[in-house]
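Subject: Structure handover

Hello,

Here is the structure for your files. My notes on helix packing and aromatic pairs follow below it.

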Amino acid sequence: MFKLPSLKSLNKYGWRATLLIVTEFFLTFSFFLFVPFISLYVTGELGYSLTFAGALLALRLVGQQGFMMFGGYFGDKFGYKRMMFIGFLCRGIGFAGIGLVESYGFLLIMGLIGGLGGALFSPALKSLLIYNQPKKYHRDLFSYINMTGNAGTILGPLVGLLFSVQQFPMLSLISGLMFALIGIILLLLPIKQKMADQNVSFRSGIKQITSNHSLLFIIGLMIPFHFIHQQLFLTYPIIATELTGSSGWMFTLITILVIVGQMSITKHTKQLSTSFLVTRGYFILSITFLPLFLFEHPITLVLSLVGIAFAVMLIQPTFHSYIVGHATSATLGIYLGFSNLAMAIGGAFGNLFGGSLYDLLSEQNQSKFYWLLLALLCIVACLFGHKQQSREAAASD
């Protein structure tokens, strides 16, 4: 059932799409080469508190996710390639700067610049990926960048481990230069985008989105998914270390599953609706959390991680293709940027409450109930998703 895609299979999408799919790998590689080691450097070498390190990372996250709808709009208005170049340059300056400055203020400024860079290039890259591509290819293309992004997620930290904490400034400079270099290369390539005749203002674009209740519902339905996905970086490493002595293998497992299985999952689910697939993703998550509630063991942990991998493969490409399916050629960026609010809200709540809730239950020797709460969260999302399916079925009759 599972097989790796070949370069030949990418030819039908054209060289531009293939280039952007490969670019996604280098973006996530450059990101995870550097970001996982920020807190170690800030608290160890610079001597700042873990609270400040968390604030620095949170500011970068808010700068990226919170402003992505504006970045998407600028891409629609001024061109996706131009916004990608500016975004990569900002990300490069911000990431390099974190390793080259030491004061509170400058560190926070560099974190914000790095985050704003992501807000500019992320929706632009996804928009340019499917720009002028037939709708039937959209889910495939988003599946490919899901695969390459996951590959960069695991390989980046592995290469980063070759550097010591004392060498973090060099690591940050390398990461920053990689982002800047990617931006320069893409700027020089003959990627052409015909500007849309329709001039859509930011306000009218947002009004189009907010007037589409089905679209808003699906975006809202994604919030629990991002809450849960954030636990891969918070609570899962803790339980994995307790049960197996390490946590790095988790990301290797998920990455291998996504790379090997993504295109087969996409192929066999193309005819299914977005609400159906999102609901089934939550259902899979709920039944893989319950064994951890009954018995915390390496086998039940692996089962839960496999469930997350399958949910990622079902939900993420489907969600992105659904969003762009509602947009026009003049509003691709703002639609993708707005949809990222689900990640901003879910990720923020996951960071703020996920870890603290697990700590609270662990102090009372009741950590198993954490997995029950996650399962219940998924079941509630399933019920809401099923309700949306019923509405869609009634509308089609």
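A crossing of two helices is called right-handed if the near helix is turned clockwise from the far one by less than a right angle, and left-handed if anticlockwise. By that convention α16 passes α17 in a right-handed crossing. Please keep in mind that this is a predicted model.

Helix α16 covers residues 298-326 and helix α17 residues 332-339; their axes come within 9 Å and cross at roughly 135°. That angle makes α16 oblique to α17. On the α16 side, the contact is made by Phe319, His320, Ile323, Val324 and His326, and on the α17 side by Leu332, Tyr335, Leu336 and Ser339. Six of these contact residues are nonpolar, three are polar and none is charged.

Now the aromatic rings. The whole structure has 25 aromatic pairs. One of them joins Tyr80 and Tyr131 edge-to-face, with 6.3 Å between the centres and 70° between the planes. Tyr80 is in helix α6 (residues 80-100) and Tyr131 in the loop between α7 (104-130) and α8 (138-160), so this pair ties together parts 51 residues apart in sequence. Both Tyr80 and Tyr131 are buried.

Phe88 and Phe121 form a tilted pair, 4.7 Å centre to centre with 35° between the planes. Here Phe88 of helix α6 is linked to Phe121 of helix α7, 33 residues apart. Phe88 and Phe121 are buried. These two phenylalanines also belong to a cluster linked by ring pairs, together with Phe31, Phe32, Phe34, Tyr41, Phe95, Phe168 and Phe179.

Regards

Technical notes
Residues numbered from 1 in each chain as written. Predicted model: local features only at pLDDT ≥ 70, side-chain atom pairs only at ≥ 80, totals over all residues. Heavy atoms only, no water. Axes fitted to C-alpha atoms, helices over the stretch in contact; angles between N-to-C directions. Helix = DSSP H or I, 4+ residues; strand = E, 2+ residues; numbered from the N terminus. Parallel < 35°, antiparallel > 145°, perpendicular 65-115°, else oblique. Contact = heavy atoms within 4.5 Å. Nonpolar A, V, L, I, M, F, W, Y, C, P; charged D, E, K, R; others polar. Phe/Tyr/Trp six-rings, centres within 6.5 Å; stacked < 30°, edge-to-face > 60°. Buried < 20%, exposed > 50% of the residue type's maximum accessible area, 1.4 Å probe, protein only.
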